[in-house]
Amino acid sequence: MCYRGACNNLPQCLPGWARIATPFGDVPAAEILAGTLVYSTGAMGERVIVPVSRVVRAAVSARHRMMRLELDDGREVQASFGHPLADRMPIEELRAGDVLDGARVLHATPVAYTSPFTYDLLPDTASGSYWSDGVLIGSTLLRMRDAVGDSGRVAP
């Protein structure tokens, strides 16, 4: 189970139905592949189109929970506890009244997740950010990428 920033060392993150922003329209996370073009943020925070460098599908237990955020502009996003936002803060730390991606959080609710897999992707940018259900979020795979040396092994 994913909680307090630890996902059993797995990137257990988005539901398969989460809509990822691409230049061709929103695509379910479960359908994103390495090489798929997605929107991310560049070095100056600008919106850029880049390929996805890595995708992970992780098996989760029947007890897995996610955080659902409902925003005052109508957007709603759901991710595993510990999944980073664009500023790398874990999604579970947000509360009603906080601001996310320019909107106020109305409700931050833990919810059961009954699908067998979660999904995450890594856009080929330094930020590792992308839009899920219209909300700019980060990738759990960014910290994994940053921890891997030239040998491909995780650095101590």
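Of the 156 residues in the protein chain, 44% count as buried, where buried denotes under 20% relative accessible area, exposed over 50% and partly exposed the range in between (1.4 Å probe, protein chains only). The model is a predicted one, in which local features need pLDDT of at least 70 and side-chain atom pairs count only at pLDDT 80 or more, whereas totals for chains, interfaces and linings use all residues. Residues are numbered from 1 along each chain as its sequence is written, and side-chain values use heavy atoms, with hydrogens and water left out.

The accessible surface of the protein chain is about 7900 Å², and carbon and sulfur atoms contribute 54% of that area; accessible areas come from the Shrake-Rupley method with a 1.4 Å probe, and for residues only the protein chains shown count as cover. The secondary structure consists of 1 helix and 11 strands, taken as DSSP runs numbered from the N terminus (helices H or I, at least four residues; strands E, at least two). In sequence order the pattern is β-β-β-β-β-β-β-β-β-β-β-α. Among contacts in the protein chain with a separation of 6 or more, 60% are between residues 24 or more positions apart, a contact being heavy atoms within 4.5 Å.

A search of the whole structure gives 3 salt bridges, each defined as a side-chain nitrogen of Lys or Arg within 4 Å of a carboxyl oxygen of Asp or Glu. Arg75 takes part in a salt bridge with Asp73 at 2.9 Å, N to O. Arg75 counts as buried because its relative accessibility is 17%, while Asp73, at 43%, counts as partly exposed. Arg75 also meets Asp101 in a salt bridge, at 2.7 Å from N to O. Asp101 is in the loop between β7 (99-100) and β8, and Arg75 is in the loop between β5 (65-71) and β6 (76-80), so this pair ties together parts 26 residues apart in sequence. Asp101 is partly exposed, with a relative accessible area of 33%. Through shared partners, the salt bridges join Asp73, Arg75 and Asp101 into one network. Arg68 forms a salt bridge with Glu76, with the closest N and O atoms 3.9 Å apart. Both residues of this pair are partly exposed, Arg68 at 26% relative accessibility and Glu76 at 39%.

The structure contains 1 aromatic pair. Its rings, those of Trp17 and Tyr113, have centres 5.7 Å apart and planes at 45°, so the pair is tilted. Rings of Phe, Tyr and Trp (its six-membered ring) pair if their centres lie within 6.5 Å; planes under 30 degrees apart count as stacked, over 60 as edge-to-face and the rest as tilted. The pair links distant parts of the chain, with Trp17 in the segment before β1 (19-20) and Tyr113 in the loop between β8 (103-112) and β9 (117-123), 96 residues apart. Trp17 is partly exposed at 47% relative accessibility, whereas Tyr113 is buried at 2%.

Two arginines are placed over aromatic rings: the charged end of Arg47 sits over the ring of Trp131, 4.5 Å from its centre, and Arg57 lies over the face of Phe117, at 3.7 Å from the ring centre. A charge sits over a ring if NZ of Lys or CZ of Arg is within 6 Å of the ring centre and within 35 degrees of the ring normal.
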